[in-house]
Amino acid sequence: QVQLVESGGGLVQAGGSLRLSCAASGSIVSIGAMGWYRQAPGKQRELVATITGGGTTNYSDSAKGRFTISRDNAKNSVYLQMNSLKPEDTAVYYCNAGVVTTPTLIWYAYWGQGTQVTVSS
């Protein structure tokens, strides 16, 4: 089993910054791509940013230029630095990771429990 635990959400004014963190733990053999997704009330979950094990990043159009995804492979962690936040960034943010676990050595995509980000105008 693998657990992804997010932290760093909260309430911030428009134009402010937040840094989200997500740490994976459990019977981990290796972690591939990791990413952040978000879901606003009444909307579908959407991709925010992803990063491969080698550090290649991908961003949604809304995140480009404002958000930065990074990871620390030694800590099995992924981060999302969010700057110039807007009210429309308000959502629950979820961490995602593709993990190979022991003893099955099967790849599976795991999700965190989510952390609320609220941006006030």
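I took buried to mean under 20% relative accessible area, exposed to mean over 50%, and partly exposed to mean in between, with a 1.4 Å probe and protein chains only. At 18% relative accessibility, S21 counts as buried by that rule.

**Entry 1: what I am working with.** I noted that this is a predicted model, in which local features need pLDDT of at least 70 and side-chain atom pairs count only at pLDDT 80 or more, while totals for chains, interfaces and linings use all residues. I number residues from 1 along each chain as its sequence is written, and I use heavy atoms for side-chain values, with hydrogens and water left out.

Entry 2: I found S21 in strand β3, where strands (E, at least two residues) and helices (H or I, at least four) are DSSP runs numbered from the N terminus. I then looked up its contacts, contact meaning heavy atoms within 4.5 Å. Leaving aside residues up to four places away in sequence, S21 touches V5, E6, S7, W36, V78 and Y79.

**Entry 3: the disulfide.** A disulfide is a covalent bond between the sulfur atoms of two cysteines, and I counted a pair of cysteine sulfur atoms as one when they lie within 2.5 Å. How many disulfides does the structure hold? I recorded one disulfide, which joins C22 to C95 with an S to S distance of 2.1 Å. C22 lies in strand β3, residues 18-26, and C95 lies in strand β9, so the pair ties together parts that are 73 residues apart in sequence. The angle about the S-S bond is -80°, and I noted the link of C22 and C95 as left-handed. I also checked how accessible the two cysteines are: C22 is buried, with a relative accessible area of 1%, and C95 counts as buried at 0%.

**Entry 4: salt bridges.** For this entry I counted a salt bridge wherever a side-chain nitrogen of Lys or Arg lies within 4 Å of a carboxyl oxygen of Asp or Glu.

- R38 forms a salt bridge with E46, their closest N and O atoms being 2.7 Å apart; R38 counts as buried at 8% relative accessibility, whereas E46 is partly exposed at 36%.
- D89 forms a salt bridge with R66, again with the closest N and O atoms 2.7 Å apart. This pair links distant parts of the chain, 23 residues apart, since D89 sits in the loop between β8 and β9 and R66 in the loop between β6 (57-59) and β7 (67-72). D89 counts as buried at 1% relative accessibility, and R66 is buried too, with a relative accessible area of 11%.
- The side chains of D61 and K64 meet in a salt bridge at 3.5 Å, N to O, and here I found both D61 and K64 exposed.

Which residues are linked in a network of salt bridges? I listed R38, E46, R66 and D89 as the residues linked in that way.

**Entry 5: V29.** I placed V29 in strand β4, residues 28-39, and noted it as partly exposed, with a relative accessible area of 46%. Apart from residues up to four places away in sequence, V29 touches V100, T101, T102 and L105. I also looked up V29 against V48, which is 19 residues apart from V29 along the chain, and found their C-alpha atoms separated by 26 Å.

**Entry 6: backbone details in two loops.** A cis peptide bond joins T102 and P103, with omega at about 5°, and I found P103 in the loop between β9 (91-101) and β10 (107-111). The place of L105 is also in the loop between β9 and β10; L105 has a positive phi of about 60° although it is not a glycine, and at 56% relative accessibility it counts as exposed.

Where is S84 placed? I found S84 in the loop between β8 (77-82) and β9. S84 has a positive phi of about 50°, although it is not a glycine, and it is partly exposed, with a relative accessible area of 40%.
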